[in-house]
Amino acid sequence: MSRPLIFSLLGPLQVYAGERVLDLGGKRQQAVLAVLLLHANQAVSTTTLLECVWGDQPPDGGHRVIACYVHRLRKALAAATDQPEAEVIQSMPGAYQMSVGEDQLDMDTFHQLVLTGRQERTQGDWQRAVRILRQALAMWRGTPLNGVPGPFAAMQRIRMHEYRTEVLVDCLDADLAAGRHTEAMADLMDLAMSNPLHERVAEMLMIALYRCGRQTEALATFRRLRGEVKRKARVEPNVRLRRLHQAILESAEPPPRDARISAQL
């Protein structure tokens, strides 16, 4: 019986056949698989594969090298699924295509959960939004494509990390909207430390601190953010942050949060 493979990109590149983790070969071969997976069900030219894996320094006979890697990947993946090799990675003139079905790629599942969670935020169901977004974030196993070489993988690591940060910010915003400022505190502090110029994170942290009775720390958060913004961007924080800072100085309770941080202070 054919067994569907599960492809995991949210951490070190791994492919599962049931409980078994497949041997994907050397790092460059894994890089070829990563490119095909991130273009799942699309034709990827051999020239693009060479550029993604080696940049502007492809190996001699690069097209033959790619063909060899694809052949090895086909054998490994087909053997694990009892499928014909040609059905796993398809060949076409000057290109290859990775066939991936529904629920086989963890990135697709992650994106679907995020979409559902954000829809719940839009509808004002904060508790359900938090549960779904936390479920999505729990899928991450570490640095995406960790150890996979090549300029494409490096770019994807940055892009995927930024996307995860956006999702975490949305999740924490829903936490605050649900009145879960205490539960959100640790993540907000970590985010503020790793993203010192992120004004949306600073705003949420200030509100959480204030609502936990830590007014002095909320004001200190603004001062740190203002110092960083002025030093690196030579501008003042946005008007929302300045109004929030003034409201906390005056001990005026900030208004309830909405999912898009659109309430006027």
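Biologist: Which residue stands opposite Ile89 in β6?

Modeller: Met98 does. Bear in mind that this is a predicted model, where local features need pLDDT of at least 70, side-chain atom pairs count only at pLDDT 80 or more, and totals for chains, interfaces and linings use all residues. Residues are numbered from 1 along each chain as its sequence is written, and side-chain values use heavy atoms, with hydrogens and water left out.

Biologist: What makes β5 and β6 (residues 95–98) a pair?

Modeller: Two strands pair if DSSP finds at least two bridges between them. Four bridges join β5 to β6, so they pair, and they run antiparallel. Strands here are DSSP runs of E, at least two residues, and helices are runs of H or I, at least four, numbered from the N terminus.

Biologist: Why are β1 (5–8) and β3 (20–21) said to stand at the edges?

Modeller: Their open sheet has the order β1-β2-β3. Each of the two has a single partner strand, so one side of each is left without a neighbour in the sheet.

Biologist: What is the largest nonpolar core, and which residues touch the most other members?

Modeller: A nonpolar core is a set of buried Ala, Val, Leu, Ile, Met, Phe, Trp, Tyr and Cys residues joined through side-chain atoms within 4.5 Å; buried means under 20% relative accessible area (1.4 Å probe, protein chains only). The largest has 83 residues, and Leu77 and Met98 touch the most other members. Helix α7 (residues 151–177) gives the most to this core, with twelve residues.

Biologist: Which residues does Leu77 touch?

Modeller: Contact means heavy atoms within 4.5 Å. Not counting residues up to four places away in sequence, the contacts of Leu77 include Phe7, Val15, Ile89 and Met98.

Definitions and conventions:
Buried means under 20% relative accessible area, exposed over 50%, partly exposed in between (1.4 Å probe, protein chains only).
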